[in-house]
Amino acid sequence: MATSWVVLFLVGILSLTSQFDIIRAQGKPEYTLAFLGPAAASEIPTRLAVEWESAFKVAVEVENAIPGRPYRLSPFEQESDCDWQQAYHGADVIAKLDPQTYAPVIGVVGPACSGAAMSSSSVVKTKNISMVSFAATAEPISADREWFDNLFRTVYSDKYQGQAIAASIAKLNMTAVTILHTKQYYSMNLAQNINESVNGAIPVNVVMLENSENSTIDFVQLQTVMDGLDPNNFVILCLHPQGAHDAFGYLNAQGRLDTPWWYFGTDGVTALDPEDEDPAIVTKLIGEIGVAPFGGDYSNDSACQNYWDYWKAAEYPGLPAQGMAQSRSYTPYLLDAVKLYFQACDILWRANTNITALNVWNTLKGGIPAFRGCTGWVAIDPLTGSRNTVVQPPVYDLVSFAQLDWEPKGRIENSQFLTLQPLQRPTTVTPGSSGKKSKTGAVVGAVFGVLIVAGLLIGGFMLWKKKQDNYYNPTSFVRTMH
């Protein structure tokens, strides 16, 4: 009785001091839950890699400490980066863990990147081990289940991100769009998904950026592409964070961040960390926009709050600023991936079935009842292994680049805008340049304002103009929309 009171007390104050020792002393069966996460200073920004590593620990420790849970999962971490070869090696390490040293592996969380997830899933599959990715969004993971039947995800596929971007194109009344992508798997597939979602509504120019000799973007080609674009063209960047970092650095050196182009980032670009960038570039990017994964906690009564509180009390590094309000980096989907494994183990335990890698895999394939997670109601579609969009419609945030982070400006659910705040087009001016805002004050579409020229030339519209003047702000490109 006293021991139970101590355990509950420790959980209540979110202390790390002796939880695991107490659990072991109670003789609970132990299993290994592995994590294939990116290394710092890889294609993923350093701060993001640190955030994900801490989030995995936090989720495992919080779930282990739930009263009455008759087993525990022990975390094991292995770096994977976004490279398929490193991910393959990391998965091989997990698959070959010494059973004399480590508890049986029942599953793997990650990797974050699609190509890495695809290559590593085949390795652990030889040991009947499943994987649940929190950020691998490539559509083939859902479509090719024969190859990836042990790979699941708590995140929505790029088909839905493509639809959210297409909805943004329509909402912001874009009439000229150029999509830039590389040969990387995520980049290439997302560009295709966006183009398919636009479905010919407007002309879309899709350009694949070749690699130069040092495996970075061919900047000569990038310069040629940018030189051929009209200033009002929206440039949609389907790039990994490192690719975006390289591209913005070059564009800045060539003065392309001082010109009227408006860059629209996908989730890879919106992972770009201001702390990792040249302050001069950060200043010039302020106001750029993009679509990012929903930042967590679908409803007002926070399902993530216990994780944020624990994270803060444990003093682990990388706690997202302001908790759920600023976590647009797949962290909530990572927390839900860990919880999904605990849900699978709970089902097996209640059914008096052994908790093994194969049984957990079969439980995931059979479909786990929806549970309330950080990103809304979480369930896996048994046919696709992906996030069930009937239980929880896809949710994205339209975000704008600020001095310290990407700030939410709108909410897109099921390809429909629920809210949209005013957006100010970047207006940075450098010595000798005309600035990013064009001299004519050109406005892109109804959302960014209405061109107040044509109608004003007709005398019969003068009275109408006076009545409408209060709706327009000549210093802003956007009005509030709902």
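Reply: Let's start where Ser133 stands opposite Arg153 in E5. This is a predicted model, in which local features need pLDDT of at least 70 and side-chain atom pairs count only at pLDDT 80 or more, while totals for chains, interfaces and linings use all residues. Residues are numbered from 1 along each chain as its sequence is written, and side-chain values use heavy atoms, with hydrogens and water left out.

Ser133 belongs to strand E4 (residues 131-133), which pairs with E5 in the parallel sense over three bridges. Helices (H or I, at least four residues) and strands (E, at least two) are DSSP runs, numbered from the N terminus, and two strands pair if DSSP finds at least two bridges between them. In general, the strands of a sheet pair through backbone hydrogen bonds, either parallel or antiparallel.

E4 and E5 belong to an open sheet of five strands, in the order E2-E1-E3-E4-E5, and the pairing is parallel. E2 and E5 are at the edges with a single partner strand each, so one side of each has no neighbour in the sheet. From one strand to the next, the twist averages 25°; the axes here are lines fitted to C-alpha atoms, and angles run from 0 to 180 degrees between N-to-C directions.

The peptide bond from Gly110 to Pro111 is cis, with omega near -10°. Pro111 itself is in the loop between strand E3 (105-109) and helix H5 (114-125).

Rings of Phe, Tyr and Trp (its six-membered ring) pair if their centres lie within 6.5 Å, and planes under 30 degrees apart count as stacked, over 60 as edge-to-face and the rest as tilted. Take Tyr71 and Phe342: their ring centres are 6.2 Å apart and their planes are at 25°, so this pair is stacked. Tyr71 is in the loop between helix H3 (46-64) and strand E2 (72-79), Phe342 is in helix H14 (residues 331-350), and the pair links these distant parts of the chain, 271 residues apart. Both Tyr71 and Phe342 are buried, where buried means under 20% relative accessible area, exposed over 50% and partly exposed in between (1.4 Å probe, protein chains only).

Tyr156 and Tyr396 have ring centres 6.4 Å apart and planes at 50°, so they count as tilted. Tyr156 is in the loop between strand E5 (151-153) and helix H7 (158-171), and Tyr396 is in strand E13 (residues 395-401), so the pair ties together parts that are 240 residues apart in sequence. Tyr156 has 2% relative accessibility and therefore counts as buried; Tyr396, at 6%, counts as buried too.

Phe134 comes into the picture as well: Phe35, Trp52, Phe56 and Phe134 form one aromatic cluster.

Phi of Glu315 is near 60°, a positive value in a residue other than glycine. Glu315 has 68% relative accessibility, so it counts as exposed. Tyr330 is also found in the loop between H13 and H14, and its phi is near 75°, again positive in a residue other than glycine. Tyr330, at 10% relative accessibility, counts as buried.
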